[in-house]
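Student: I would like to learn how to read the features of a model step by step, starting from the whole chain and ending with single residues. Could we go through one together?

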Amino acid sequence: MSVKRFLPWVVASALFMEQLDSTIVNTAVPAMAASLNVAPLSLKAVAASYILSLAVCIPVSGWIADKYGTRRVFSAAIAVFTISSVLCGLAQSIAWLIAARILQGIGAAMMMPVGRLTVIRTFPKAELLQAMNFVIIPALIGPLLGPTIGGLIVHWLSWREIFFVNAPIGAIALWLALSHMPDYRGGAAPPLDWLGLALFGGGTALLSWLLEIFGEHEIAAAPAVALFCLSLAMLGGYWRHALHAPFPLLRLALFRFRTFRVSVIGGFVTRLGVGGLPFLTPLLFQVGLGYSPWESGLLMMPTAAAAMAMKTISRRVLARFGYKRVLIVNTVMIGATIALYALVAKTTPLVAIVAIGLALGFFNSLQFSSMNSMAYADVPEKDSSQASTIASSFQQISMSFGLALGSLIAGWYLDGLPQSNHAAVIAALHKAFLTLGVLTVLSSLSFWTLRARDGESVSGAAPELA
């Protein structure tokens, strides 16, 4: 009972630290560039290096956890992430900062999937949704608080403190992990699939890097297309390799489970629309409404509050209506809410903007809780580490795609006009929100293949209600 009581707090604290760090850095880019005597654009490598190490290391996290145990790996990941955060704050050069961010990415890549794996193995499926609801909230709150906290820290202190803030959180998370994290192992671990790691990790890293630098004009079109094709070829090569390898890095056979397949692939498609919001929404608030970075961050806080409120009722909603109906209807509602941002202008009442944020947080929270829990409804326990690794890998890729898609759509509608053209920027943002809203509504089609009673093992639905 002690493990069940404290484990969600252990994983949630680590996940909050990771998600907060991933967004808080963006606010401090100008101050970091001035301090290190480099152009702000040069710091794009700071974000790209973190994304690259995540993309390469997440696929191997399940194998490492099975071989060395969840407590040891998770605790080491927290320690690595915390120490590397301090090293980031102490950085005296761009090379030092990039190296520390790579180390941070390695720690983060172990924390997310291993923490989720431990929760899956600790809680029976009937209790899994409630446990994952608690854990997933930091993933929703961190990116929302990041810009506000980062803006305040940089305004009152310095950019170095945005990394030092991880030290006390990491120390608490490490103590909790060593005290309450169960130590699960996968038995005799098979040999590591080095070829699969090279193909999938390399292809994912290359694709993530291309998406990260997209639109910055740091690479010509022809090399970009060639590298894009190479990344797809590597990922396609992994697919062929995984079908015949005795111990593949990612066991694609798990996609035979309908609930897992729809959760991962459907979630990937849905996140393409939702993933653009962290880029477009602050831009709308700051450029369109004239708010400062920290003020625009405050406007995003209602979304976090609504996400927390949804956590208390999502299990009852899923038990009453079932995963299929909830995911179809809720995805449509997310798309409609995203489209409402196209109506936001300087004359829009503040209460209306807050209401849109509340609705978005409410529906997003239900969506992520549903997709993340349904993935494990029918997967056998022996395959839980593989399922967690695959789900984490696809989520990481979808977030990169979503952010790039939002940037691409906004740039397309801007049509080469200067970003100093205030009216053109606002019009482009409004059209981008409408486009992402329509794409999100269309993504609801991916959930129609579900059956009415799918996911009952984790939602606790009574047969007569399914």
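Student: How many helices and strands does the protein chain have?

Tutor: One begins with the secondary structure, bearing in mind that this is a predicted model; the protein chain has 19 helices and 0 strands. Of its 466 residues, 54% count as buried, and among contacts between residues at least 6 apart in sequence, 86% join residues at least 24 apart.

Student: Which residues have the most contacts inside the largest nonpolar core?

Tutor: A core is read from buried nonpolar residues whose side chains are joined to one another. In this model the largest nonpolar core has 56 residues, and those with the most contacts inside it are Phe 74, Ile 78, Met 111, Val 119, Tyr 238, Leu 249 and Phe 260. Helix α5, which spans residues 94–122, gives the most to this core, with 9 residues. A second, separate core has 40 residues, including Phe 285, Met 310, Tyr 323 and Leu 327.

Student: What is Phe 74 in contact with, leaving aside its neighbours within four places in sequence?

Tutor: With those neighbours left aside, Phe 74 is in contact with Val 10, Val 11, Ala 14, Met 111, Val 114, Gly 115, Ala 177 and Met 181.

Student: Why does Leu 87 count as partly exposed?

Tutor: Leu 87, which lies in helix α4, counts as partly exposed because its relative accessible area is 31%, and the class in question runs between 20% and 50%.

Student: Is Phe 163 buried or exposed?

Tutor: Phe 163, placed in helix α7 (residues 161–164), counts as buried because its relative accessibility is 0%. Sequence separation and spatial separation should be read side by side: Phe 163 and Gly 89 are 74 residues apart in sequence and 5.3 Å apart in space, C-alpha to C-alpha.

Student: Where is Asp 193, and which side chain of opposite charge is nearest to Asp 193?

Tutor: Asp 193 is in the loop between α8 (166–180) and α9 (194–212). For a buried charged residue one looks for a salt bridge, but Asp 193 has none, and the nearest side chain of opposite charge, Arg 251, is 10 Å away. Leaving aside neighbours within four places in sequence, Asp 193 is in contact with Tyr 238, His 241, Phe 247, Pro 248 and Leu 249.

Student: Which residues does Gly 203 touch, not counting those up to four places away in sequence?

Tutor: Gly 203, in helix α9, touches Ala 198, Ser 231, Met 234 and Leu 235 on that count. Gly 203 is buried, with a relative accessible area of 0%.

Technical notes:
Residues numbered from 1 in each chain as written. Predicted model: local features only at pLDDT ≥ 70, side-chain atom pairs only at ≥ 80, totals over all residues. Heavy atoms only, no water. Core = buried A, V, L, I, M, F, W, Y, C linked by side-chain atoms within 4.5 Å. Buried < 20%, exposed > 50% of the residue type's maximum accessible area, 1.4 Å probe, protein only. Helix = DSSP H or I, 4+ residues; strand = E, 2+ residues; numbered from the N terminus. Contact = heavy atoms within 4.5 Å. Lys, Arg positive; Asp, Glu negative; His and termini not counted. Salt bridge = Lys/Arg side-chain N within 4 Å of Asp/Glu carboxyl O.
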